[in-house]
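Thanks for coming. I will take a few minutes to walk through one structure, so please have the sequence and the model open.

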Amino acid sequence: MVRLTKCSLSIGLHILQLMLIYNISISAAVLTYDGCMSDSANSYTVGGWCFLHYTSSSWPLNTPTQDEAQSICLPYGTLAVGVTYKMMNTLQTRNPGGTSPHTWLALVRNASYSAQNQGWYWKTLLPTGAYATFPAIMSNIPWGPGEPNNGKGNEDGAIISQNWGVGDVKTNYISSAYGSQQMTVLCQFAPNQWKYLTSGHGRFAVPAYQIARTTVKGSNCVSQCHLSLFCVSFAYNPTTKDCQLYAVSPKDPKFSGNVIADSSYNWHIRDGMEY
Ligand SMILES: *[C@@H]1O[C@H](CO)[C@@H](O)[C@H](O)[C@H]1NC(C)=O
């Protein structure tokens with residue numbers, strides 16, 4: 001006879017409950033930060049974010065389009081933006097090769113610019129339904145050889161391919177232009193917390209680096225950077241409460257020459273994104 005005490009019953013139920021939670025989380029929670037972190041074959045982290053190469057054999061070839069890809073990582077993630085060169089280079093080298101090298105990024109071109117290397121900007125759909133946008137800093141994009149070249153005409157979207165780089169493509173990736181392809185979507189998930197490295201004094205005055213400028217409390221300046229997909233660093237003046245968010249880091253050798261020495265501003269750099 002087995003004597004089931006009240007205590008062992010509750011432990012048994014608890015284990016069952018944990019197993020249920022665990023099963024639910026592995027089947028349905030892939031498109032979350034934790035799901036991304038646990039899928040190490042298809043994910044990696046850069047600057048605190050987790051990036052996940054997401055695809056499904058049930059997707060018809062040449063789908064989704066770039067517009068459709070915008071909502072695939074919602075509501076916990078977004079289509080990936082890679083603001084720094086280090087980030088973009090990691091996205092490139094870690095992109096899967098083989099049958100799924102055709103990976104959508106949240107990089108699009110404003111077609112009203114006539115030159116193909118102009119008008120590129122990050123445009124990613126947020127869970128609110130609004131798009132976050134920021135003009136791409138071209139020197140941070142590892143374009144593939146000869147790209148962007150508008151090779152098939154109206155190439156106003158961008159994919160990233162392993163050990164090749166970023167290429168301009170038609171946003172519907174039609175098979176008549178590119179062949180029949182299994183598409184992949186690069187999703188980006190934010191952790192709950194970031195640390196910010198405080199590092200000396202100064203600011204940038206180059207308009208192309210600036211994401212936003214507001215007059216707010218210091219804690220609001222941190223949270224604005226925290227919530228922005230483009231924010232790499234910010235300069236804050238505690239006296240005037242001037243808060244300037246930047247898409248580049250003052251430690252990045254490509255941009256450090258543009259740092260203006262200014263003892264009234266403190267630098268804060270997003271953890272892991274020194275450059
Ligand atoms: C595209 O560029 C034109 C010209 O600079 C500008 O007027 C328009 O607002 C831009 N469109 C988008 C979607 O950014």
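How many helices and strands does the protein chain have? There are six helices and 16 strands in the protein chain. Please keep in mind that this is a predicted model.

Two overall values to begin with. The protein chain has 275 residues, and 34% of them are buried. Then the contacts: if we take those between residues at least 6 apart in sequence, 67% join residues at least 24 apart.

Let me turn to one strand, β9, which covers residues 183–189. Is β9 enclosed or open to the outside? Seven of its seven residues are buried, so β9 is largely enclosed by the rest of the structure. In β9, Met-183, Val-185, Cys-187 and Phe-189 point one way. Thr-184, Leu-186 and Gln-188 point the other way, and the residues of both sets are buried.

Which strands pair with β9? β2 runs antiparallel to β9, and five bridges join the two. Then comes β4, residues 102–109, which runs parallel to β9 and is joined to it by three bridges. On that side, Thr-103 stands opposite Thr-184 in β9. For anyone new to this, strands of a sheet pair through backbone hydrogen bonds, either parallel or antiparallel.

Next, please move along the chain to another sheet. In what order do its five strands lie? This open sheet has the order β10-β16-β13-β14-β12, and the pairing is antiparallel. Its edge strands are β10, residues 196–201, and β12, residues 210–215, each of which pairs on one side only. On average, neighbouring strands of this sheet are turned by 20 degrees against each other, direction ignored.

In general, most residues other than glycine have a negative phi, and most peptide bonds are trans. Where are the exceptions that I want to show?

I start with two cis peptide bonds. The bond from Leu-74 to Pro-75 is cis, with omega near 0 degrees. Pro-75 sits in the loop between α3, residues 66–69, and β3, residues 77–79. Glu-147 and Pro-148 are also joined by a cis peptide bond, with omega about -5 degrees. Pro-148 belongs to the loop between β6, residues 131–135, and β7, residues 157–161.

Now the positive phi values. Asn-150 lies in the loop between β6 and β7, and its phi is near 50 degrees. This asparagine is partly exposed, because 16 other C-beta atoms lie within 10 Å. Asn-62 has a phi near 65 degrees, again a positive value in a residue other than glycine. Its place is the loop between β2 and α3. Asn-62 is partly exposed as well, with 19 other C-beta atoms within 10 Å; the cut-off for a buried residue is 20 or more.

That is the end of the tour, and I will take questions now.

How values were computed. Residues are numbered from 1 along each chain as its sequence is written. This is a predicted model: local features need pLDDT of at least 70, side-chain atom pairs count only at pLDDT 80 or more; totals for chains, interfaces and linings use all residues. Two strands pair if DSSP finds at least two bridges between them. Helices (H or I, at least four residues) and strands (E, at least two) are DSSP runs, numbered from the N terminus. Axes are lines fitted to C-alpha atoms, for helices over the stretch in contact, and angles run from 0 to 180 degrees between N-to-C directions. A residue is buried if 20 or more other C-beta atoms lie within 10 Å of its own, exposed if 12 or fewer, and partly exposed in between; C-beta atoms are placed from the backbone. Two residues are in contact if their C-beta atoms, placed from the backbone, lie within 7 Å.
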